[in-house]
Every structure is written in C-alpha cells, then in structure tokens.
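Thanks for coming. Please look at the model on the screen, and I will walk through a few parts of it.

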Amino acid sequence: MKYLVVILMCLAVVACSTKESNLVITGKVEGLKKGKLYLQKIEDTLLVNIDSVIVDGDANFEFEALVKSPQIHYLYLDKLDNSEFDDRIRFFAEEGEMTINTTLKNFEEAKIEGSENQVKLEYFNAMIKRFNKENLALVKEDFEAQKANDQDKLLELEKRFDHNLKRRYLYTVNYALNQKDFEVAPYLMVSEVFDANIKYLDTVYNNLAPKVKKSFYGEELKSLIKERKTLE
C-alpha cells in the first residue's frame, strides 16, 4: 500500500510538470516588492484565474498557458495592500512567447510584445482615443448648455454626439475589414460594435480568412449574427 501511494505521488508530480501549454509569458513589474499576479481570461462570461505568481522581492514573473485560439487575457495585480484600486492589463494572447513589462506606478501602461493581434489592437485603441477625446469635449459643452438652458445648443450637440458615434462605428468596421486575416477583427466587432447594423456584422464576417472564422472570436461573431437575425 505504501508503495502504491509513492507511485501515485510520483505520477502526480509528472502530470503537473508536463502541463500542456503553448504560450509562455515572461515579464517584470518594476518597483513591485510584494504582491500576487494572476493570469486571467473570460470563460462563459466569468473572469477566471488561469495561473498565479507570488512576488516577494523579485519583480520578474513567468506564466505558461494553453491558448487554443488567440484570445483576450488579463494580467491582474493584487498588491496585497488592502487597496480597492488594484490593476489589470488587457492583452491579446496567442501561441508562442510573449513579454509584458510594466511598472508598479503605471501598471496599465505596459509594453507588450510577441502578439500580432496585440499590435493591431494597440493601434486601434490609439485611434479610438481621438473619438473619446472629442466626446469628452462634447460632454463639457453639453454641461454648459444645460446650465444656460440653451435649447438650440443642446439640439446641435445631440447631432454632433450622434455624428461622432457613427464615425466611431464606421472606423471600427473599416478597421476590422482591413484586418480580416487576424482574430482582432471579429473581436472588435463583438466587443465594440455588437449593436451595429447587421449588414456591417455580416460584411466583416463574410470577409474573414477561413482560419479566423474558425477562431474563438470568429465563432462569437457568427453566433452574434445568428442571434441578431433571429431577433429581427
């Protein structure tokens, strides 16, 4: 019986050491002395932990994971300081080797390398900031117009809000069409413009490369289109 227990323990160790993975993420959180890092992703609408690393003096970290299809993951930092405002980095994970280097002070301003989809996503995010900036300016004008009870100005601002939203949607759709060979294309459609006109969703999906249609987000977009058509 004792020998059986020993054999089972050995098998358990071997199983753990040969965990199936195709993605290695290494990096450093400059300035972090103590805390816990979690690798996370969304499964069935829930944010789940895939792996974790305890940081105690050494700010370097490493994760291994199995990525069946390029998908958004998160690097979450629990600083163990009883703060409500812990940090989370969103990134596009895909098979291979990736690096994420950041700092404790500006955790979300990370330098991420090793993912083509991440490069495409970062470019998109940079452009979207322009639309967000314009929207914030409109919000400020709207606040002033409401204080002054300027109805003509409020009507004008409503039209400008609508115009800015339409520009953002069209930019997203066009960007997705130009990235038809990358999984970021269906991801943007299901995350940024899921309520867009069904013809835009259809157009992007029909233009996706075959491998992208079969990807996680390709299937998500397909399901979304089917659901929208059923409702309409």
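The side chains of Glu-30 and Lys-28 form a salt bridge, with N and O 3.4 Å apart. This is a predicted model, so keep that in mind throughout. How exposed are the two partners? Glu-30 has a relative accessible area of 46%, so it is partly exposed. Lys-28 is at 30%, and therefore also counts as partly exposed.

A search of the whole structure gives 14 salt bridges. I will go through some others.

Which residue pairs with Arg-167 in a salt bridge? The partner is Glu-134, and the closest N and O atoms lie 2.8 Å apart. Arg-167 sits in helix 3 and Glu-134 in helix 2, so this pair ties together parts 33 residues apart in sequence. Arg-167 is partly exposed, at 31% relative accessible area. Glu-134 is partly exposed as well, at 35%.

Next, Glu-183 and Lys-211. Their salt bridge has its closest N and O atoms 3.3 Å apart. Glu-183 belongs to the loop between helix 3 and helix 4, while Lys-211 belongs to helix 6, residues 210–213, so the bridge ties together parts that are 28 residues apart in sequence. Are these two buried or exposed? Glu-183 is buried, because its relative accessible area is 7% and the cut-off for buried is under 20%. Lys-211, at 52%, is exposed, because exposed means over 50%.

There is also a network: Glu-141, Lys-153, Glu-156 and Arg-160 are joined by salt bridges that share partners.

Now helix 3 itself. Helix 3 runs over residues 151–178, which is 28 residues. From first C-alpha to last, helix 3 reaches 41 Å, close to the 40 Å expected at 1.5 Å a residue.

Which residues of helix 3 are buried? They include Leu-154, Leu-157, Asn-164, Tyr-169 and Val-173. What covers the buried residues of helix 3? The cover includes helix 2 (116–148), helix 4 (184–191) and helix 5 (198–207).

Last, a loop. Lys-105 is in the loop between strand 7 (96–103) and strand 8 (111–113). Its relative accessibility is 76%, so Lys-105 counts as exposed. Lys-105 and Gly-31 are 74 residues apart in sequence, and their C-alpha atoms are 7.6 Å apart in space.

That is what I have for today.

Methods
Residues numbered from 1 in each chain as written. Predicted model: local features only at pLDDT ≥ 70, side-chain atom pairs only at ≥ 80, totals over all residues. Heavy atoms only, no water. Helix = DSSP H or I, 4+ residues; strand = E, 2+ residues; numbered from the N terminus. Expected span 1.5 Å × (residues − 1). Buried < 20%, exposed > 50% of the residue type's maximum accessible area, 1.4 Å probe, protein only. Contact = heavy atoms within 4.5 Å. Salt bridge = Lys/Arg side-chain N within 4 Å of Asp/Glu carboxyl O.
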